[in-house]
Protein chains: 2
Amino acid sequence: MSDVIRVVLAEDQGMVRGAFAQLLDLEPDISVVATAADGDAALRAVREHRPDVLLTDIEMPGASGLDLAARLADEPDAPRVVVVTTFARSGYLRRALDHGVAGYVLKDAPIDRLADAVRRVHAGGRVIDPELAVAAWEGTDPMTDREREVLRLAAEGLPNAEIAARLHLAEGTVRNYLSTVIAKLGVRNRVEAARLATERGWL
Amino acid sequence: MSDVIRVVLAEDQGMVRGAFAQLLDLEPDISVVATAADGDAALRAVREHRPDVLLTDIEMPGASGLDLAARLADEPDAPRVVVVTTFARSGYLRRALDHGVAGYVLKDAPIDRLADAVRRVHAGGRVIDPELAVAAWEGTDPMTDREREVLRLAAEGLPNAEIAARLHLAEGTVRNYLSTVIAKLGVRNRVEAARLATERGWL
DNA sequence: GCCCGGCCATGACATTCGTCAGGTCGAGAC
DNA sequence: GTCTCGACCTGACGAATGTCATGGCCGGGC
């Protein structure tokens, strides 16, 4: 193993990707060997360059950063994964940890944390942004798979009848799922339910 | 006037703010004299430092970048404003131009565009991201002020009764506004209306 | 002055949504 | 075996939402 940490960077916003890549490359012990603008390109880059660390956003076109982590989890010789994201959503953190992610850093943090996280993760450590300790106690997703599925479609603005058609359910069933979701989340209607679930990273 | 362009940078995400500031400062002819994490801090920084150019995000806590542009528009000796934002929303661009913004750049663009835009705007030019030429033809906001106001509350998940109470209207009136909005946008219900209007930058 | 068009506002009516009281099925406890 | 529990599914009923027909108000043509 060489003494330079080889990094692949996945981030969809061009300016942010460019800026992070340039700054990381300025660090003498870090080298950005490839960048990718979406999840699929990131996967190809990892396969090709076999980096030590994959630094990835969550919300990207194609495969999300969480999908990436999941797919790499059971590969031999996989890179350590650091997620860099905008939102302190407890659901995202939980899923990231489930997929064996080694670092979870918020874009809100100062820029030095980035190189820092890369180094500590490469050294075998774990890095979780302290802000997340709080968000983690927003509680855990109380929805069943079916309920989540229905809410996801409702959040897009589909009327119950169409949701029912797509899932091959009776319309009353759809209404009932939404009703239990609304009760579980302690809100007043589907719109609030969708907002809350999105905010928590449950959709 | 000195030959170094003095810039104030407003951007709420710490990492992005730090990265952009460092990279701009590396340019010999640009100096970042202050950074701000929200709209109000940005306004204070501009008043204090009197920069040549204000580089600002749109979506920030406190005053948005568009609010900033509006407030600075009629001040004497105001900086030229460049908006750097994530979304190619036609409504944002239109409002930015209405407020006399000199540059509108997308975070999707390559990082060199940033310093580039600062220079060209400081030289008296205008910079509009080419991607926006397309988005501008998504059409113009067909809603009246009242309709927009009602839709904004509906998008938060408030039931009609509460929207009516807040705006001192009859519940039937609220229903009617939402109905016309739904018709104007060509969608099926309030949820789709809210999604579409948000996507276009009309809320 | 008169008419017209746009915005604002309303109540009555039809449709959609949310709640409730059930019923089926399978997995695990005893 | 059977009991219990939770996930899944359903129809009936009252509550919220969406539609329509209508009227007041104001500012701009003519």
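The questions and answers below cover a predicted model of two protein chains and two DNA strands.

Local features here need pLDDT of at least 70, side-chain atom pairs count only at pLDDT 80 or more, and totals for chains, interfaces and linings use all residues. Residues are numbered from 1 along each chain as its sequence is written, while chains are lettered from A and ligands numbered from 1 in the order in which they are written.

Reader: Which element gives the most to the surface near DNA strand C?
Author: A residue is near a strand if its C-beta atom, placed from the backbone, lies within 6 Å of it. Around DNA strand C there are 23 residues, and among those that come nearest are A:Asn160 and B:Thr144. Helices are DSSP runs of H or I with at least four residues, strands are runs of E with at least two, and both are numbered from the N terminus. The most, seven residues, comes from helix 9 of chain A.

Reader: Which element gives the largest share of the surface near DNA strand D?
Author: DNA strand D is surrounded by 23 residues, with B:Asn160 and B:Ser179 among the closest. Two or more residues come from each of helix 7 (145-155) and helix 9 of chain A, and helix 8 (160-167) and helix 9 of chain B. The largest share, seven residues, belongs to helix 9 of chain B.

Reader: Which are the edge strands of the sheet in chain B?
Author: Two strands pair if DSSP finds at least two bridges between them. In chain B, six strands form an open sheet with parallel pairing, in the order 2-1-3-4-5-6. Pairing on one side only marks the edge strands, strand 2 (30-36) and strand 6 (127-128) of chain B.

Reader: How far apart are the end C-alpha atoms of residues 6-122 of chain A?
Author: UniProt, in an unreviewed entry, lists this span as "domain: Response regulatory"; such annotations may be inferred rather than shown by experiment. The span is 45% helix and 22% strand, and its end C-alpha atoms lie apart by 10 Å.

Key:
Least-squares fit on C-alpha atoms with pLDDT ≥ 70 in both.
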